[in-house]
Amino acid sequence: MSLTSLDPRVTRLNLPEEMPTIEPKPELDQFETYEAFHQKKEGAAHTYVGPVHAPNEDVAFLFAKEQYSRRFPCVGLWIVRTENVMVTPYSGDGENVYDMMRVEEPAERSAQAEAYEIFHLKKRGKAHTHAGRVMATSYQEALQEARTQFGDKGPIVNVWVVKSKHVLQSAEEDKDMWTTIPEKKYREAIAYKVMDKITKYKEEHKTTAP
Amino acid sequence: MYGGGNVFEATKFDDLQTEDPVKLAEFEARIARGEKIEPNDWMPQLYRKQLIRMIEQHAHSEIIGALPEGTWITRAPGFRRKMAQMAKVQDEVGHAQLLYSAAETLGKTREQMLTDLINGKSKYSNVFNYPAFTWADSNIISWLIDAGAIVNQMANAKGSYGPYSRALERICAEEAFHLKYGHDAVVHMATGTPKQREMIQAALNRWWPPIMTFFGPSDKMSTHTETLMRWKVKMASNDECRQQFLDMYVPKIWELGLTVPDPKLKKNMETGQWEYTEPDWDEFKRVINGDGPCNAERLAVRRTAEERGAWVRRALLNPKAKYVRPLA
Amino acid sequence: MNELAIKDLLYKLADDQLILGHRNSEWTGFGPILEEDIAFSSMAQDKIGHSLAFYTLLQELGEADPDTVAFTRNANQFHNSQLVELPNGEYDFSLIRHFLYDNAEIIRFEMLSQSGYEPIAKVATKLKGEVKYHVLHANTWIKNLGTSTEEAILRLQTSLNEAIPYALGMFELSQYEQQLIDAGVYAGEDAVKAEWFKRIQAVIEKTDLKLPDLNTIEPKLGGRYGEHTEHLQPLLDEMAEVFKIDPTAEW
């Protein structure tokens, strides 16, 4: 016997009426996490939109594209494995975390300076945005550089530091994947206007609240 | 889509005596200043537990909430509805993803949350244990259940936990589409052919009692509740949400000439409060505890989806990967 | 330009996308992981949107409006390939179908965006970016799963073997084939098929899957001429269940 549902899709799943007990999910059954940053328009800073669970960064890109950029204008997407983001402590709102932080000596340095991406959170509860890129031989040095280059621009409550090589960036030639988004009006509130129908109905029926 | 009604039962973690008084004072001062709490901040155990519980239940309500309207995804009439119904149900899955992520920042893994859901260990919004008999039921859900959810979610978006607020901001923006879409569909039915009108009235009759329980029973005010309100975890009482919902939507139902199946429903002009027949809270409890018309099916579907997708996840599992909580 | 030829092409494009979009939407809420559920739904919506764009062109050529065309015809009036109407099966089959279909679809869109028939060229140019994502999605999944566990590879291989004869049916020649080629509408099905083979082969080669020898396979034809499997009519009945309560009503 399998379950008959009002949903024909469910009926087709041929669910048994009695479900066996289920084993707890093994660790990483949902994969590791990646953080996604989207770019609203040309020239705008990339802004944090949220995480996805994915087995690798290519799949994370596929996932983040639809989870975080299926609505609202978007021209580009960055993906970073969560593990690869170095996070500073948080300061209170209105403060600057760079002023309160003692940057530790790096445990290891690369022989050559390499590029790091710096993300700032300006207010608790808001989203991190890309502040810029610095060259450094360690996360700590990158943070020092970031403080020198962008650290005096108002309150900054938290900083994320990521090696540029750890950022998967959407390609210039892939921008056309987002061009039709503004036209998908069927998933926007603005496409649904019924005042005319309501007004017409009311005129025809002169309804009053009971 | 979540009304928040069944969350704040007393828990065993009420004891604040064990918390560091200096840290607790700093934490409370931060919230009092209107600042958000972020994942790495110190927080009391009670705050963490209640938030995990609330956000997790909200997430479950989204993923299970995709099923009643999903019932009609293959049968939506006409292109306009077909595409919107697909997008609407997709959004619910998307909301679940956002909310599970927010809950994860507090230290519970998505694996654990999903396991607890399919084993019946955690709850979700009770209304989704009711069936969507016709296309009109789906329209009523899209409009009124989402309307109720917005009342609750707008309040919660002003809560103190940063990741939850961020997720809710995105969710509320998408719910605006759900609400308009649902309203549009209901208006088309109500002002359409006699058959359509009959369908939508019947659906409203079926859904009204569950809608009235959507925000949960009146809160029992306790020190526990007061603490959660001071911490901006609970942002509005269940009754406040219900009153706000009635204020906003009953007139919109009436203007379509539809009848709300509660003879006692009226606004008391002196108190400014809506009066209504007290919902059947015994039934509410029975359904929450598993004995509703669709509880078994909802969980069976979720469980089957998990089981039949397991090979995909097994195949792509990177054995060297290390789980790290999402950042924000 | 032969209008019947253009209509035939438009019907086949639109019907394929409607039926596949409908099938893929059946996964919404049941996917193997939340994020994939969302991605798959987006692509299903795109497909329905593409079919609507092509039905709209048909309406401009004097056919009935898109809702009537999509929701009131019977199976024998549909021009989709049989590939898209097959039930979803498990995720391996749906992925393989998505891979085989979208790798052909992108070629059609590339060709049609250069079409001498301007209305089609405009639509194809506009929507090509969406199909590009669909192909990226399909190829990434096949490459990942096709090099993973024995279980996954076996599943994909089985589905591939099952789907291939139907996939070849996508390239069934139209009775107007030569006219469409001569008029510069597009290069025709044989050209699409040759390019498709190169592209899917390039992906399959990077995996542990084996592409069956296409020369030994009997393609499942007939779809383009209204001959369908037993699965299409029930799909259409389901799709139109509410619409047919009152086809003149505004839903």
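Helix H2 of chain B, residues 45–70, has 26 residues that should span 38 Å at 1.5 Å a residue, and its end C-alpha atoms are 37 Å apart, which agrees; the expected span of a helix is taken as 1.5 Å times one less than its number of residues. Helices (H or I, at least four residues) and strands (E, at least two) are DSSP runs, numbered from the N terminus. H2(B) is mostly covered, with 22 of its 26 residues buried, where buried means that 20 or more other C-beta atoms, placed from the backbone, lie within 10 Å of the residue's own.

This is a predicted model, in which local features need pLDDT of at least 70 and side-chain atom pairs count only at pLDDT 80 or more, while totals for chains, interfaces and linings use all residues. Residues are numbered from 1 along each chain as its sequence is written, and chains are lettered from A and ligands numbered from 1 in the order in which they are written.

In chain A, strand E5 (residues 114–121) is also a mostly covered element, since 6 of its 8 residues are buried. E5(A) pairs in the antiparallel sense with strand E6 (residues 129–136) of chain A over 7 bridges, and pairing requires that DSSP finds at least two bridges between the strands. A:Tyr116 has A:Val134 of E6(A) as its bridge partner. E5(A) also runs antiparallel to strand E7 (residues 158–163) of chain A, to which 6 bridges join it, and here A:Phe119 stands opposite A:Trp160 in E7(A).

Taken as a whole, chain A has 5 helices and 8 strands, and from the N terminus on its elements run α-β-β-α-β-β-α-β-β-α-β-β-α. Its radius of gyration is 24 Å, well over the 17 Å that the globule rule gives for 210 residues, so chain A is more spread out than a compact globule; the radius is taken over C-alpha atoms, and the rule is 2.2 Å times the number of residues to the power 0.38. The C-alpha trace of chain A spans about 75 × 55 × 40 Å along its principal axes, and 40% of the 210 residues count as buried.

Chain A also touches chain C: 19 residues of chain A are in contact with 19 residues of chain C, contact meaning that C-beta atoms, placed from the backbone, lie within 7 Å. On the side of chain A that touches chain C, helix H1 (8–12), strand E2 (47–54) and helix H2 (57–68) of chain A each give two or more residues, and H2(A) gives the most, with 7 residues.

Technical notes
A residue is buried if 20 or more other C-beta atoms lie within 10 Å of its own, exposed if 12 or fewer, and partly exposed in between; C-beta atoms are placed from the backbone. Two residues are in contact if their C-beta atoms, placed from the backbone, lie within 7 Å.
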